[in-house]
Amino acid sequence: MSSRSPSSALAVLLVAAALAGAASAATLQCVQVAQLMAPCMPYLTGAPGMTPYGICCNSLGVLNQLATTRADRVAACSCVKAAAAGFPAVDFARAAGLPAACGLSISFTISPNMDCNQYVL
């Protein structure tokens with residue numbers, strides 16, 4: 001288990017997301033993705049007894065609404081993947097189940113090996 005605090009987790013997430021950058025014509029930027037995913041970090045890092053709570057699910061819903069084009073969805077996927085790769089404490093079982101736990105449907109499973117370029121709306 002990692003000894004990183006929630007604030008260092010957020011810092012790692014923001015740095016990794018900023019470095020990832022979007023490689024397409026997407027208008028959605030990694031900084032936005034990181035900001036919207038930040039409320040979910042306690043849940044995603046496996047805090048005991050945590051369930052996704054209001055602000056996490058609301059933020060995820062906003063991200064889902066902002067990613068309106070295929071390019072935006074590929075960019076958001078790439079940002080999440082790059083950020084998660086830089087933060088090994090992410091529990092990918094929780095990450096994969098997060099959209100469903102929040103009542104959302106996305107067309108890919110969040111995992112360290114997801115292929116964002118194969119994203120299909």
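**Following the disulfides**

Let's start with a bond: Cys-30 and Cys-79 form a disulfide with their sulfur atoms 1.9 Å apart, where a disulfide is a pair of cysteine sulfur atoms within 2.5 Å. This bond links distant parts of the chain, 49 residues apart, with Cys-30 in helix α2 (residues 30-37) and Cys-79 in helix α5. Helices here are DSSP runs of H or I with at least four residues, and strands are runs of E with at least two, numbered from the N terminus. The angle about the S-S bond of Cys-30 and Cys-79 is -85 degrees, a left-handed link. Both Cys-30 and Cys-79 are buried; that word stands for under 20% relative accessible area, with exposed for over 50% and partly exposed in between, using a 1.4 Å probe on protein chains only.

A word on where this comes from: it's a predicted model, in which local features need pLDDT of at least 70 and side-chain atom pairs count only at pLDDT 80 or more, while totals for chains, interfaces and linings use all residues. Residues are numbered from 1 along each chain as its sequence is written, and side-chain values use heavy atoms, leaving out hydrogens and water.

Now have a look at α5, the helix that holds Cys-79.

Next up is helix α4 (residues 54-66), where Cys-56 sits. Cys-56 is joined to Cys-40 by a disulfide, 2.0 Å from S to S. At 105 degrees about the S-S bond, this link of Cys-40 and Cys-56 is right-handed. Cys-40 lies in the loop between α2 and α3 (41-44), 16 residues from Cys-56, and both of these cysteines are buried.

Cys-57 has a disulfide too, to Cys-102, with an S to S distance of 2.0 Å. The link of Cys-57 and Cys-102 is left-handed, at -70 degrees about the S-S bond. Cys-57 lies in helix α4 and Cys-102 in the segment after α6 (92-101), so their bond ties together parts 45 residues apart in sequence. Cys-57 is buried at 16% relative accessible area, and Cys-102 counts as buried at 17%.

What about the whole structure? A search of it finds four disulfides. With the bonded cysteines of the protein chain numbered in sequence order, they pair as 1-6, 2-3, 4-7, 5-8.
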